[in-house]
Structure formats: C-alpha cells, structure tokens
Amino acid sequence: MTVKVEVIEGGIPHQKIMIAGLIATIVCLYLSYLNVYTNTAYFSFFGGLAVVAALIWGSHTIKVLCSYGIGTGVPSAGMIAFGSGVIAMLLATKFGNAAPIVALILAAVIGLILGYLANEVLNMKIPVMIQSLTELAVVGALTLMGFAVLITGSFTFTGLTTGSVTLFGMISMPSYQVSFIGGGLVAVAFLLGSIAVQHPFNACLGPGWKQDRMLMLTAECGFLSMIVAAVMSFALISAGAAIISLLIALIGWVYTYCQYIELSKRDAYAWLDAKPIPDVEGH
Amino acid sequence: MTAVAAKPQTGAIFNPTAMVVGIVLLIILLGIGYYVSPTLGLAALIGIVIGGVLIGFGVHFVPVGGAPAAMGQAPGIATGVAMLAAGAGLAGLFGGAWAADQGLLIAVITGGIGGGLMMAITCMMVNFVYVFGMGIPAASGKVLKDPITGDSQPEYKSQGTEGHGLPFVSFVGGVIGGILGGAGGTLIYIELLDLYKATLPTVMNASAAQILPIAVATAGMFAIGLFLVNAVLTAYNITGTIEGPHDPKFKRWPRSVVASAVASALCGLVAILIVLI
C-alpha cells in the first residue's frame, strides 16, 4: 500500500530515456577503445560523456522511484545505486574488452536481487522498485566505469591497477600505487557520481518539477564531476589527453549551466537579478 | 519532500514466502562460495555475511529523525537513515582499518568503538543543539516511560508532535547502533583484505608489498559498497524515522536481517570472485 505523490506529466517517457541512456553510455565506453588502436589516451574524454549519459538516465530513474513515498529521502537511492554499482564494476573490469557488457549484466543481476529483497522481504510493495533498483545498479556500474576511462583511459583491471612513476624524468617504472584503484581515486569517483545522480531530483522535486530542467541540472552535475575527474586524470594519462578532457568538460559545464539558469528563470514565477551589496564611499 | 508527504503503510507484516526465498537464496550463494573456494573464499564470505547482518541489525538502534526532527517535531537525529548509517559505519571502518595489522578481534573492536564514539558525539551535540539552541526538552512520543531511566515522558511532549529531542534510551540506542555498524563494516573490510593479501600476489604476479595498495583500496571500496547497500536496505525496512530500540518499528528487524544476509552474500560473492576468476 503506497501513495504515489507525483505523476510524470508530459515530457519524454522513461523507457525512451532509459534506452537512449544505455546505448549512449555503452557506445561512449567502447569509443574510448580508440585509445588502444591509436596507442594514445586522447579518446579518454568519451568516458566523461558516458558518465553524463548514464547520470541523465539514472536521475530520471530516481525520479520514477522516489515519486513513490519511499520515506528514506532521495540521497539513499544514489547511495544504493553506487554501492551495488561499484561491486559489479570492479569484478567486470576483470573481463577485458567485454567489461562494459559484463558490468551491465552483473549490475542488473545484483540490482534485480536487491530489488526483490527490498520489495518482497522488506515488504515495500512499490511497483517500480525492482526495475528501478536494477536500472540504478547498472547506472552506478557504468558511471564508475566511465570515470575510470576518463581518468586512466582504460577499463580493464590491469589498466586500473597499474600506473607508472617516472623518476628524474627518464626512468619509468611500474607502480600499483599510482593507479585508479590503488591510489583510491575510485572512492572519489564513487562520491562524485553518487552525489551527481541523486542531487538533481532532490533539488528539483516539488509541484513545479519539470523534466527538461531536472535533466539539464543532471547534465550540469555530470560535467561538473567530469571537470574534477579530468583534473585528476593529469596524474595518470598524458597532459594533452587530460587537457582535451578538461576543455570538453568545461565547455559542457558552461553550456549546461547557462541552459539550466535559463530554464530556472522560465519556470520561476518571478526573478530579481540581485546585485552584490554596493560599497558606499566614505563609510 | 516525499519523506514527509507520504509514508508507506507497510507495518510490521512479514512475508513468509519471501523470507523463505531469501533464506534459500542465501544458502545457494553460500553454496556457490563453497564451490569456487571451499576454504579461503567461504570463510571470507561467512565473515562478510556476519558483518552485513551486524550492520543491518545495528542500524535499527540508531535514532533517525529525518526532516520532522529538524523542525523539532519528532525525536531523533535530523537526517536520513542512509546518511547516519554511512557516517557511523565509515567512521568505524576507518578506525578499524588502522588496527588491521593487530588481528581480527582487536580491529573489529576498534571499529566498533570508532562507530560508537562517532554516534555518541553526534547524539550529544544533537541534544546540545535541541536543548540550548531550539529550547526544547527531550521527550519520546512512543513510550510513556523511558525504558532505561524510568523518567516519565508525556509531560514534556509538546502537543501536535511525536516527541522531540533525544531521550536517554535513544542516545544509548544510537551508541549501540554505532558499535554494531562499525564492527560489521570493519569485519567485512578485514575479511576481504586478508583474502586479497593472500591471493592478489599470484593473480597479479607481483610481490606482497607491491599489491598492498590495491588490496587495501579494493577491500575498502567493496566494504563501502556493501555497507551502503546494507544501510539503504535497512533504511527501506524502517521507512523514514525510528526512535531507537523502544520504537514499535524495531520489531521489524528479522526482515532486515534476512535481506542484509542475502545482499551481503551476493555482493560478497562478487567481491571474492574478483581474485578467483
């Protein structure tokens, strides 16, 4: 017995967002494989684009799930998404080139069982619970894989655990500490993603909720996270590749931020362009 | 905010079929664990399941007030279950991780103390803010007398609220919850760390010292993931707010224990497979 608080009025149907998000994420992850063909890291930015696509899908899933009064707050959905996602993603990296597909399947299985536990064992009885937790686990796993690609240029276990340290600018030696997993960057990516996926609905919910505004905020959060991840990628990939990622993230963030402000003004009843407190001379 | 607008009327009903399915699922997952690694893997998996159950059970003790508590209209700490559980558990996990070299028992106790200390400080400062900042006394809305001190509650409760502040029993519950959560989180971490330390050198073909950062980070990430999964599932069990061990919702814990055990076995199995395939 649950009460549905809000209904989706108009906008793009959830199925469409889900399919588009899934395809865009997987395609972007595999496009980063150009890194291997060209033997560079210039295509790492595709990981960041995969992150944005997955987050847009994920935030709309959270909207669908949290429209039912689950009573635990929206952030918990982001936490379980990435909690189950990181587990699937770490195992999937062992499967080499098939990693994104394995992450997708593994996360879906984990999410399905967690959804069953929540809905039946815990007696939540929310119609969309199982589907939503499945989707969220996949979103969590693919987002983390996107961050991994953005930061290291690779999504294989070896690529994520092995880095290199250059001594005195000439001797290069392998190091496990300078890597995505060994250096703990995975923890930063975890929180960057989980906050970015839950914040948009948490910020936009209410009677004035508009789909395009929330999704634009998600894209903005995604690019903002991408900026941070691109800065971190300077440690692990060549400076040129990291600069490309950073530029794309900055351009994307400025564009989506401006768009979001426009949409907020559109949906607001009235707005006042308040100026900073003026400095009065002689006081 | 959905948490205020509508609370699902799940009540303390058990779903026997689902409970049995859950237990069967748990046995199957443990069986797979036994199949892939009869000694090392199964031992780690059982430790992870115990840790997960400790987390799921412990979270029920924590007084979670949610948004109503922020307005002084319900007892408890003014945030969600997931946030509180993550705070207590991660504080405990970090505490226990420092003691990882001194053996399982000391590390788990240290983790429990870390989590309990974090909750004790949080509960004290929350009451400090309630009493001296908002000017409201601590009063439970669910019981007439505090089960520990025997203090009468209704006289202090404002009309139209479900109680406010943090009564003594909630404080004690919070500390117990922190101890259980912290110990559970640390147990998961230590079990995974020992497994990875033993197996990663052969998997990655490197020396034990070289793989240590990988072992620590992977075990830590899996522990955080497992912790959050268990904490959120428990949050779904509580649906919103709980006052502590004296709350009627506390009686729902068997559901959460089954769910946490299955979820931990599932995620733990995945965490073990990373070094075995």
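This is a predicted model: local features need pLDDT of at least 70, side-chain atom pairs count only at pLDDT 80 or more; totals for chains, interfaces and linings use all residues.
Chain A has ten helices and two strands. Chain B holds nine helices and two strands. From the N terminus, the elements of chain B follow the order α-α-α-α-α-α-β-β-α-α-α.

The table sets out some values for each chain.

| Chain | Residues | Buried residues | Span of the C-alpha trace along the principal axes |
|---|---|---|---|
| Chain A | 283 residues | 56% | about 70 × 60 × 30 Å |
| Chain B | 277 residues | 58% | about 65 × 40 × 35 Å |

The radius of gyration can be set against the value for a compact globule. For the 283 residues of chain A, a compact globule would have a radius of gyration near 19 Å, and chain A has 20 Å, so the two values agree.

Contacts within each chain can be sorted by how far apart the partners are in sequence. In chain A, among contacts with a separation of 6 or more, 71% are between residues 24 or more positions apart. In chain B, taking contacts between residues at least 6 apart in sequence, 75% join residues at least 24 apart.

**Where the chains touch**

On the chain B side, 50 residues are in contact with 41 residues of chain A. Five elements of chain B give two or more residues to this side: α1 (2–5), α2 (16–36), α5 (81–98), α8 (208–238) and α9 (253–276). Of these, α8(B) gives the most, with 16 residues. By class, the residues on the side of chain B that touches chain A are 35 nonpolar, 13 polar and two charged.

**A helix pair in chain A**

Two packed helices are described by the angle between their axes and the distance between the axes. In chain A, helix α3 (residues 45–66) packs with helix α9 (residues 211–233) at an angle of about 140 degrees, and the axes are 9 Å apart. Because of that angle, α3(A) is oblique to α9(A); an angle has to be over 145 degrees to count as roughly antiparallel. The crossing of α3(A) and α9(A) is right-handed.

Which residues of α3(A) make the contact? They are A:Gly48, A:Val51, A:Val52, A:Leu55, A:Ile56, A:Ser59, A:His60 and A:Lys63. From α9(A), the contact residues include A:Met214, A:Leu215, A:Thr218, A:Ala219, A:Cys221, A:Gly222 and A:Phe223. Further along α9(A), A:Ser225, A:Met226, A:Ala229 and A:Ala230 also take part. Sorted by class, the contact of α3(A) with α9(A) has twelve nonpolar, six polar and one charged residues.

**One residue in chain B**

B:Val126 lies in helix α6 (residues 104–133) of chain B. Is B:Val126 buried or exposed? It has 24 C-beta neighbours inside 10 Å, and therefore B:Val126 counts as buried; the cut-off for a buried residue is 20 or more. Leaving aside residues up to four places away in sequence, B:Val126 touches B:Ile77 and B:Leu166. B:Val126 and B:Phe171 are 45 residues apart in sequence, and their C-alpha atoms are 10.0 Å apart in space.

Methods:
Residues are numbered from 1 along each chain as its sequence is written. Chains are lettered from A and ligands numbered from 1 in the order in which they are written. Axes are lines fitted to C-alpha atoms, for helices over the stretch in contact, and angles run from 0 to 180 degrees between N-to-C directions. Helices (H or I, at least four residues) and strands (E, at least two) are DSSP runs, numbered from the N terminus. Angles under 35 degrees count as roughly parallel, over 145 as roughly antiparallel, 65 to 115 as roughly perpendicular and the rest as oblique. A crossing is left-handed if the near helix is turned anticlockwise from the far one by less than a right angle, and right-handed if clockwise. Two residues are in contact if their C-beta atoms, placed from the backbone, lie within 7 Å. Ala, Val, Leu, Ile, Met, Phe, Trp, Tyr, Cys and Pro count as nonpolar, Asp, Glu, Lys and Arg as charged, and the others, Gly among them, as polar. A residue is buried if 20 or more other C-beta atoms lie within 10 Å of its own, exposed if 12 or fewer, and partly exposed in between; C-beta atoms are placed from the backbone. The radius of gyration is taken over C-alpha atoms; the globule rule is 2.2 Å times the number of residues to the power 0.38.
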